[in-house]
Protein chains: 2
Amino acid sequence: MKTFNKEELAGMDRSMRINLFNSITGIKPANLVGTISAAGQTNLAIFSSVFHMGSDPALIGMILRPHREVRRDSYENMKETGQYTINHVPLHSIESAHKTSSRFEKEISEFLECGFTEDYIEGFKAPFVKESRIRFGLSLVEEIPVKHNQTTILIGQIENIVIEAALLDETGRLDLEEAQTAGVSGLDSYYQLVKKTTFL
Amino acid sequence: MKTFNKEELAGMDRSMRINLFNSITGIKPANLVGTISAAGQTNLAIFSSVFHMGSDPALIGMILRPHREVRRDSYENMKETGQYTINHVPLHSIESAHKTSSRFEKEISEFLECGFTEDYIEGFKAPFVKESRIRFGLSLVEEIPVKHNQTTILIGQIENIVIEAALLDETGRLDLEEAQTAGVSGLDSYYQLVKKTTFL
């Protein structure tokens, strides 16, 4: 085993350190966040920081980084409409999904630019991703500034869920292997998920 | 596609709703959190809510749920020593790792009870998991209460990293497939990770 102490980590090459710190927590979920501005401009951005925060009420957190302008459009749209969608990235779309992390002008929709299809449900403004087999819509309910860096934790409450029926069993469990949902490590490595077991 | 609106979600059977809300975000990292009390009693608990919050400083978040007494021991130890470790769960240990979520008395160490081996590095109090091939030690730096439920976001700063050298490439990326690191969905389903691609 190789041990890196604090000084060795600080002394590492910057890009190596960023890759290592971004992958050290293990696998992360690959999700596309869909939003729309008050003027009707849609936006789509990949996030690997979506996490479950509680089931009653159903709260979902995600991290907004300060210097990632590419994701500021998502945030501005969330503020304008109060809504957003989270859509699992299917394995066959990882290249297109990853491309949404490039810098596009605000008036360009990543849906069109990266080859995804907008899908809507009645009574909810934010666009879903039609290519995604597990998707859900949220209302933004809380924003928490983090003192130790300039990130913000965005908390949303689940308003609706859209899933391919076969992926949900009668106990409420989802089959992520069957859904072909992707995982991500660090900033740019994508993984397939193979189900091993459920401990009942 | 099947759509559930807010009323349909609220009307779902409680255990089905809990399973669904816990798995809706996609794959989660399976990590064991190691702690030690001031009196020297060790504790080990599985967490699926560990997430990256930034690389400079290197901050890692996790969610502490209010009613999970099993994880209060971890929290009390973190407060006593200011330190904890996060250890990837290897696939061959998912059954033992899952078992740490059972209720054990405070004076019982889940290391011993669930078949894991304590491992220490010089100058750091909290115990690492010897069976884990990717592990890191943290100092607790910030605690954030969430208004919309009774959870707390715990934020730690990375102090050290211990990894099997072959799992880290020269760019700082970790191979989670080679590491046999497990992912988790919902409360009790475990997944193997198969690397598909890195977009450079």
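Predicted model: local features only at pLDDT ≥ 70, side-chain atom pairs only at ≥ 80, totals over all residues.
1. Extent of the contact. Of the area that chain B buries against chain A, 9% comes from Met1(B), Ile24(B) and Phe199(B), more than from any other three residues.

2. Salt bridges. Four salt bridges are found across the interface of chain B and chain A. In a salt bridge between Asp188(B) and Arg173(A), the closest N and O atoms are 2.6 Å apart.

3. Six strands make up an open, antiparallel sheet, in the order β2(A)-β12(A)-β13(A)-β13(B)-β12(B)-β2(B). Strand β2 of chain A and strand β2 of chain B, residues 28-29 in each case, stand at the edges; each has a single partner strand, so one side of each is left without a neighbour in the sheet. On the chain A side, β2(A) runs antiparallel to strand β12 of chain A, residues 182-185, and two bridges join them. Lys28(A) has Val184(A) in β12(A) as its bridge partner.

4. Another pairing between the chains. Strand β1 of chain A, residues 2-4, pairs in the antiparallel sense with strand β11 of chain B, residues 152-163, over three bridges. Here Lys2(A) has Ile163(B) in β11(B) as its bridge partner.

5. Helix α2 of chain B. This helix spans residues 14-23 and is mostly covered, with seven of its 10 residues buried. Among the buried residues of α2(B) are Met16(B), Arg17(B), Leu20(B) and Phe21(B). Asn19(B), Asn22(B) and Ser23(B) are buried as well.

6. Ser23(B). This residue lies in helix α2 of chain B. Ser23(B) counts as buried because its relative accessibility is 2%, and the cut-off for buried is under 20%. Leaving out residues up to four places away in sequence, Ser23(B) touches His88(A), Gly172(A), Arg173(A) and Leu174(A) in chain A, along with Ser185(B) and Gly186(B) in chain B. One of these contacts, Arg173(A), also forms the salt bridge with Asp188(B).

Notes
Residues numbered from 1 in each chain as written. Chains lettered and ligands numbered in written order. Heavy atoms only, no water. Buried area = accessible area lost by both parts, 1.4 Å probe. Salt bridge = Lys/Arg side-chain N within 4 Å of Asp/Glu carboxyl O. Pairing = 2+ DSSP bridges. Helix = DSSP H or I, 4+ residues; strand = E, 2+ residues; numbered from the N terminus. Buried < 20%, exposed > 50% of the residue type's maximum accessible area, 1.4 Å probe, protein only. Contact = heavy atoms within 4.5 Å.
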